[in-house]
Amino acid sequence: GCAFTVSAFAAPVEIQWWHAMTAANGERVNEIVDQFNASQSDYKVVATFKSNDYTELMNQTIAAYRGGNAPHITQVFEVGTATMMSAKGAVKPVYELMAEAGEKFDPKAYLPAITGYYSTADGKMLSMPFNSSTAILYYNKDAFAKAGLDPEKAPKTWPEVFDAAKKVRASGHPCGLTAGWVTWTQLEQFSAWHNIPFGTKANGFSGFDTEFKFNNPLVVKHFETLNDLQKDNVFKYGGRTTQPQGLFTSGECAIIMTSSGYLGEAQKNAKFNFGTGMLPYYPEVAGAPQNSIIGGATLWVLGGKKPEEYKGVAKFFSFLSNLDVQIVNHQKTGYLPVTIAAYEETKKSGFYDKNPGRETPILQLQNKAPTENSMGVRFGNLPKI
């Protein structure tokens, strides 16, 4: 008989991955895919950029699934978790995928804050952590120096932020402060950081019959203040999602609160020195600051695919969790190291000593043990809301 096995001639099994990563982060996706494809010949991952709007990507995926032509893997932002969890049959939970493919998979290998967000109540992980972030503060050190502020000190409290933004404006800078992902940074993160509920039922983690609670005195006061400060461009609203990041990168606004995943872009494109700090808090609020919550996205696997395709997806997920891949992801993009090992290795290597501020998001996320106000949010249809 012929000594060759069929696989010597078989074309690699194709795995489609839809994602939302642009700029420096999009380049990183392509690097990872090329590395994986070069590392073996049984599977070929094809990464397709579909939309930089996570809501749009989720809608496209759902439509494709209904039409019978869904990708194998899609990237879903954290607030889409409840929607994906409830799509029974449309989703192949990661813990099942890995077990069936015989791939080693231990939820305890990941940062607890990440595992908790994407697991069932009994700790089974539903999706694969990929680009996890949290919100942090970035400030323009050159603008601070020009305004007579200490460029080595990030403002810690909201009164300090407002004061810095006013001084920056008074020194002739066009804009003091802006915020990316406003509902995430100024409502969800803001509530967790001050240990106040965003909604009932542990922010939706412990039941579906939930009610929003963010219309409270602290949030109202906060938004009234931001609104008043818009009159003099001490605060400038720049759009719902990532658009305000351009106001910081260009040098127009001197302070921004946005995703830690913006770091790579800021490093690449900002023509000034900048620093990072933790999210600001109102010092009169008891227990603040608490801990920030996870943002970014995970990879969800769609249902109804062939076993050999699932085997390839599982192999690719194992590759993604490799220590080396994780370390580069974290150090190049500003996203969190999703595995504990990648965090420990990065710390041991002295990376955080050489790059002050890069540990900020992790320290902030782990600032205190999460309460039911600070585990995250899990509400169906949250993007629409």
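Student: Leaving aside its neighbours within four places in sequence, which residues is R358 in contact with?
Tutor: In this predicted model, R358 is in contact with L263, Q267, H330, Q331, G334, F351 and Y352, once its neighbours within four places in sequence are set aside.

Student: And where does R358 sit, buried or exposed?
Tutor: R358 lies in the loop between α16 (351–354) and α17 (360–365), and R358 counts as buried because its relative accessibility is 6%, under the 20% cut-off.

Student: What does the side chain of R358 reach?
Tutor: The side chain of R358 reaches the backbone oxygen of H330, at 2.8 Å.

Student: Switching to domains, what does the assignment give?
Tutor: The domain assignment gives domain 1 as 13–133 + 294–349 and domain 2 as 135–277, and the centres of the two, taken over C-alpha atoms, are separated by 29 Å.

Student: How much do domain 1 and domain 2 bury between them?
Tutor: About 970 Å² is buried between domain 1 and domain 2, with 53% of it on carbon and sulfur atoms; on the side of domain 1, the residues that lose the most area to domain 2 are A24, S133 and G334, which together make up 31% of what that side buries.

Student: How many salt bridges are counted between domain 1 and domain 2?
Tutor: The count is one salt bridge between domain 1 and domain 2, and across their interface there are also five residue pairs in polar contact, with both residues at pLDDT 80 or more.

Student: Which elements give two or more residues to the domain 1 side?
Tutor: They are α1 (23–39), α5 (112–117) and α14 (323–333), with the largest share, three residues, coming from α1.

Notes. Residues are numbered from 1 along each chain as its sequence is written. This is a predicted model: local features need pLDDT of at least 70, side-chain atom pairs count only at pLDDT 80 or more; totals for chains, interfaces and linings use all residues. Side-chain values use heavy atoms; hydrogens and water are left out. Helices (H or I, at least four residues) and strands (E, at least two) are DSSP runs, numbered from the N terminus. Buried means under 20% relative accessible area, exposed over 50%, partly exposed in between (1.4 Å probe, protein chains only). Contact means heavy atoms within 4.5 Å. A polar contact is a pair of N or O atoms within 3.5 Å; within protein, one must be able to donate a hydrogen and the other to accept it, and residues adjacent in sequence count only if both atoms are side-chain atoms. Domain bounds come from an automatic or database domain assignment. Buried area is the accessible area (1.4 Å probe) that two parts lose on being put together, summed over both. A salt bridge is a side-chain nitrogen of Lys or Arg within 4 Å of a carboxyl oxygen of Asp or Glu.
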